[in-house]
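Good morning, and thank you for coming.

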Amino acid sequence: MLVIRRDLVDAMVAHARRDHPDEACGVIAGPYGSDRPERFIEMENAERSPTFYRFDAAEQLKVWREMDANDEVPVVIYHSHTATEAYPSRTDISFAGEPEAHYVLVSTRDPDEHELRSYRIVDGVVTEEPVKIIES
Amino acid sequence: MAVTVSIPTILRTHTGGEKSVSASGTTLAEIIDDLENNHGGLKARLVKEGTLHRFVNVYVNDEDVRFSGGLAAEVKDGDNVTILPAVAGG
């Protein structure tokens with residue numbers, strides 16, 4: 001289960017809405033071993049595409065180094081789908097390289113109602129998990 | 001020529017859980033061959049058909065090797081090689 005503060009959920013949705021129709025992506029870092037997302041980091045989608053996303057490699061190195069220095073890990077890795085449901089695509093599954101992260105998908109295909117779901121993706125196997133939003 | 005290589009979580013099964021290991025070589029290709037000798041299975045996770053796998057980013061110091069020759073990128077004694085899973089999808 002992903003337990004996450006309301007303001008962090010709102011930040012992901014706002015980012016996804018702002019970049020629509022391109023996919024938005026980012027990370028929420030948290031203390032190592034806590035499984036608690038805390039520090040919201042918007043990443044640039046180097047692809048600037050409505051169907052694909054990729055963290056900019058230089059920005060990713062900088063952010064991963066910061067997390068290392070802070071004893072943090074990427075607790076949440078999020079991205080948006082702008083025309084399809086919030087379920088990992090085949091490419092999402094083949095790239096998923098952080099077995100301990102919660103992969104959060106936000107769909108902005110409906111202009112009024114967003115859809116937000118969370119998954120573990122380990123060795124190509126997708127497992128959806130409940131999302132518990134706590135008031136911040 | 002020894003360099004330090006940072007290993008991401010997903011590849012640490014090949015290094016007995018170690019976060020960083022040392023390797024030697026003068027190019028990234030040699031470093032990866034040396035890694036493979038000591039930590040079998042790593043090479044297949046990094047290289048496909050003679051080029052770096054698109055699922056990983058490899059940096060020598062702070063430079064993404066995609067812009068500095070890929071597997072032919074030169075490494076010097078004391079350099080830091082960092083491997084990160086590319087974060088991407090559709």
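This is a predicted model: local features need pLDDT of at least 70, side-chain atom pairs count only at pLDDT 80 or more; totals for chains, interfaces and linings use all residues.

Helix α2(A) lies across β5 (56–60), β6 and β7 of chain B, and runs at about 105° to β7(B). On the sheet of chain B there is also a helix from chain B itself: α1 (residues 28–38) touches β1, β2, β5 and β7 of chain B, and its direction makes about 115° with that of β2(B).

Let us look at that sheet. In chain B, 5 strands form an open sheet with mixed pairing, in the order β2-β1-β7-β5-β6. Its edge strands are β2 (20–24) and β6 (63–64) of chain B, each of which pairs on one side only. Inside the sheet, β1 (residues 2–6) and β7 (residues 80–85) of chain B run parallel and are joined by 3 bridges. One pair of bridge partners here is B:Val5 and B:Val81, the latter in β7(B).

I now turn to chain A as a whole. It holds 3 helices and 9 strands, and along the sequence these follow the pattern β-α-β-β-β-α-β-α-β-β-β-β. How does the radius of gyration of chain A agree with that of a compact globule? For 136 residues such a globule would have a radius near 14 Å, and chain A has 14 Å, so the two agree. The C-alpha atoms of chain A fill a box of roughly 35 × 35 × 30 Å along the principal axes. Of its 136 residues, 39% count as buried. Among the contacts in chain A with a separation of 6 or more, 63% are between residues 24 or more positions apart.

Next, the sheet of chain A. Here 6 strands form an open sheet in the order β3-β2-β5-β6-β7-β8, again with mixed pairing. At its edges stand β3 (39–43) and β8 of chain A; each has a single partner strand, so one side of each is left without a neighbour in the sheet. From one strand to the next, the twist averages 30°.

We can follow some of the pairings. A:Val27 has A:Ile41, in β3(A), as its bridge partner. Further along, 5 bridges join β6 (residues 102–107) to β7 (residues 115–122) of chain A, an antiparallel pair, in which A:Leu105 stands opposite A:Arg117.

Helix α2 (residues 57–69) of chain A touches β2, β3 and β5 of chain A, and its direction makes about 145° with that of β5(A). Recall that α2(A) also lies across strands of chain B.

That brings us back to the contact between the chains. It takes 20 residues from chain A and 16 residues from chain B. On the side of chain A, the elements giving two or more residues are β4 (53–54), α2, β5 and α3 (90–95). Helix α2(A) gives the largest share, 5 residues. By type, the residues on this side divide into 10 nonpolar, 6 polar and 4 charged. Strand β4(A) is moreover joined by 2 bridges to β8 (residues 88–89) of chain B, running antiparallel; there, A:Tyr53 has B:Gly89 as its bridge partner.

Finally, the interior. In soluble globular proteins, nonpolar side chains tend to be buried together. The largest nonpolar core here has 54 residues, and those with the most contacts inside it are A:Val76, A:Tyr103, B:Val5, B:Leu28, B:Ile31 and B:Val81. Strand β5(A) gives the most to this core, with 5 residues. As for B:Val81, leaving aside neighbours within four places in sequence, its contacts are B:Val3, B:Val5, B:Ile31, B:Val58, B:Val60 and B:Val75. Thank you for your attention.

Note on methods
Residues are numbered from 1 along each chain as its sequence is written. Chains are lettered from A and ligands numbered from 1 in the order in which they are written. Two strands pair if DSSP finds at least two bridges between them. Helices (H or I, at least four residues) and strands (E, at least two) are DSSP runs, numbered from the N terminus. Axes are lines fitted to C-alpha atoms, for helices over the stretch in contact, and angles run from 0 to 180 degrees between N-to-C directions. Two residues are in contact if their C-beta atoms, placed from the backbone, lie within 7 Å. Ala, Val, Leu, Ile, Met, Phe, Trp, Tyr, Cys and Pro count as nonpolar, Asp, Glu, Lys and Arg as charged, and the others, Gly among them, as polar. The radius of gyration is taken over C-alpha atoms; the globule rule is 2.2 Å times the number of residues to the power 0.38. A residue is buried if 20 or more other C-beta atoms lie within 10 Å of its own, exposed if 12 or fewer, and partly exposed in between; C-beta atoms are placed from the backbone. A nonpolar core is a set of buried Ala, Val, Leu, Ile, Met, Phe, Trp, Tyr and Cys residues joined through C-beta atoms within 7 Å.
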